[in-house]
Amino acid sequence: MATMKLGFGRQNFYLFKRSFLLLKLIAIVFAMLLFCEFLIYYLVIFQCNWPELKTPAYDGERETLKPVLKAMFLADTHLLGEVRGHWLDKLRREWQMERAFQTALWLLQPEVVFILGDIFDEGKWSSSQAWADDVERFQRMFRHPHHVQLKVVAGNHDIGFHYQMSSYRIKRFEKVFNPERLFSWKGINFVMVNSVALEGDGCNICSEAEAELIEISHKLNCSREQEHHSNQCGDGQPLPRSAPVLLQHFPLYRRSDANCTGEDAAPPEERGTLFKERYDVLSREASQKGSMTPTEYALSKCYLPFENTVLITYCGAAGFLVVLILVHFGFLDSPFLFGCQLLRKFKTV
């Protein structure tokens, strides 16, 4: 009878050890997932701060501060489509983008978010159903509160390059995203341009885009001539008297990235590569059609977690799990016991 009780007790002890091991494994896996898929975004983006900008305005002897607009800029999200997007790759990328965007919204509290083109990867050839699916995914990932405005400009992957774009693709894009070209907030004018249409060859879409820019230029010039009450400006609501901020997908013309520096710059061996006009950048002619005047602004770059950091964390946790299992089944000495044995040997010597 005593032997049976002893055997039953040992069986319970082994079951308890296995259950305790299982609980430890679950806890480690849960902690690893929580850190790599949630907390790391908060830890990294928490280090981002809005740059300080002091814009004093003198009102008699008093000094007041002009309202400052907090704007966040994104570009080239390239949501994968049904043709080139593997489901696992899409799942991973979209989870990372969603977590990064939602975390940035919560921590940084921007007032407006601009996405500078190439929202989708296959918008230039996607079918109506594929486009609807991609838009639904985008709206889920980049959901935002009503008080935060989201403004988008078209890129070549959204509507196609110059010889691929069509009125149908442009209207399809503008049906989802507000097609306004001029947006003013807190005394700042933003001009949003379809840079794919700035080819300068006189095509119908290009001519319409240039006509829109001429009209916007007229409105902006009128805003600077408010004091003179020009008859050509009419009686409409005047725009703020500020230099416009030009937003578009293609960069203005530059020879190369030779003068670019920073973590997000091209590799040193590629910075001297000459850009191709109308493909990598706008043409020199199109770039000279617009002009910018300096004004007060402050820019701060915010980086996301490095994928290598996540992979190293996963590998380290997986290695720790393997060691834990080997120690439990007696294939490896416990690191604690091994350390104690080394200390004893050291004391003995």
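An open sheet of three strands runs in the order β3-β4-β5, with parallel pairing; two strands pair if DSSP finds at least two bridges between them. Helices (H or I, at least four residues) and strands (E, at least two) are DSSP runs, numbered from the N terminus. This is a predicted model, in which local features need pLDDT of at least 70 and side-chain atom pairs count only at pLDDT 80 or more, while totals for chains, interfaces and linings use all residues. Residues are numbered from 1 along each chain as its sequence is written, and side-chain values use heavy atoms, with hydrogens and water left out.

- Strand β4 (residues 112–116) is joined to β5 by five bridges, and the two run parallel.
- Within this pairing, I115 stands opposite V152 in β5.
- Helix α2 packs on the sheet and touches β3 and β4; contact means heavy atoms within 4.5 Å.
- The direction of α2 makes about 165° with that of β3. Axes are lines fitted to C-alpha atoms, for helices over the stretch in contact, and angles run from 0 to 180 degrees between N-to-C directions.

**The sheet β6-β7-β8**

- Another open sheet of three strands has the order β6-β7-β8, and its pairing is mixed.
- Its edge strands are β6 (182–185) and β8 (245–247), each of which pairs on one side only.
- The twist here averages 25° from one strand to the next.
- β6 and β7 run antiparallel and are joined by four bridges; S184 has N189 in β7 as its bridge partner.
- The hairpin of β6 and β7 has two residues between the strands, and K186 takes a positive phi near 55° there.
- Strand β7 (residues 188–192) and β8 run parallel, joined by three bridges.
- On β8, V245 stands opposite F190, and L247 is the bridge partner of M192.
- α6 packs on the sheet, touching β6 and β7, and its direction makes about 170° with that of β7.
- Four of the five residues of β7 are buried, so the strand is mostly covered. Buried means under 20% relative accessible area, exposed over 50%, and partly exposed in between (1.4 Å probe, protein chains only).

**Helix α5**

- Which residues of helix α5 (residues 167–176) are buried? They are I170, R172 and F173.
- These residues cover an arc of only 160° around the axis, which puts them on the same side of α5. The arc is that of the directions from the helix axis to the C-beta atoms.
- K171 and K175, on the other side of α5, are exposed.
- An α-helix has 3.6 residues a turn, so residues three or four places apart point the same way.
- The cover over the buried residues of α5 includes α3 (128–141), β5 (149–153), α4 (156–159) and α6 (204–224).

**Aromatic pairs**

- The structure holds 16 aromatic pairs. Rings of Phe, Tyr and Trp (its six-membered ring) pair if their centres lie within 6.5 Å; planes under 30 degrees apart count as stacked, over 60 as edge-to-face and the rest as tilted.
- F38 and W95 form an edge-to-face pair, at 5.4 Å centre to centre and with 80° between the planes.
- This pair links distant parts of the chain, with F38 in helix α1 (residues 2–45) and W95 in helix α2 (residues 87–108), 57 residues apart.
- F38 counts as partly exposed because its relative accessibility is 34%, and W95 counts as partly exposed at 29%.
- F138 and F177 also form an edge-to-face pair, at 5.4 Å centre to centre and with 85° between the planes.
- F138 lies in helix α3 and F177 in the loop between α5 and β6, so their pair ties together parts that are 39 residues apart in sequence.
- F138 counts as buried at 2% relative accessibility, and F177 is buried with a relative accessible area of 7%.
- Ring pairs link F101, F120, W131, F138, F142, F173 and F177 into a cluster.

**Charges over rings**

- The charged end of K151 sits over the ring of F183, 4.5 Å from its centre. A charge sits over a ring if NZ of Lys or CZ of Arg is within 6 Å of the ring centre and within 35 degrees of the ring normal.
- K276 lies over the face of Y279, 5.4 Å from the ring centre.
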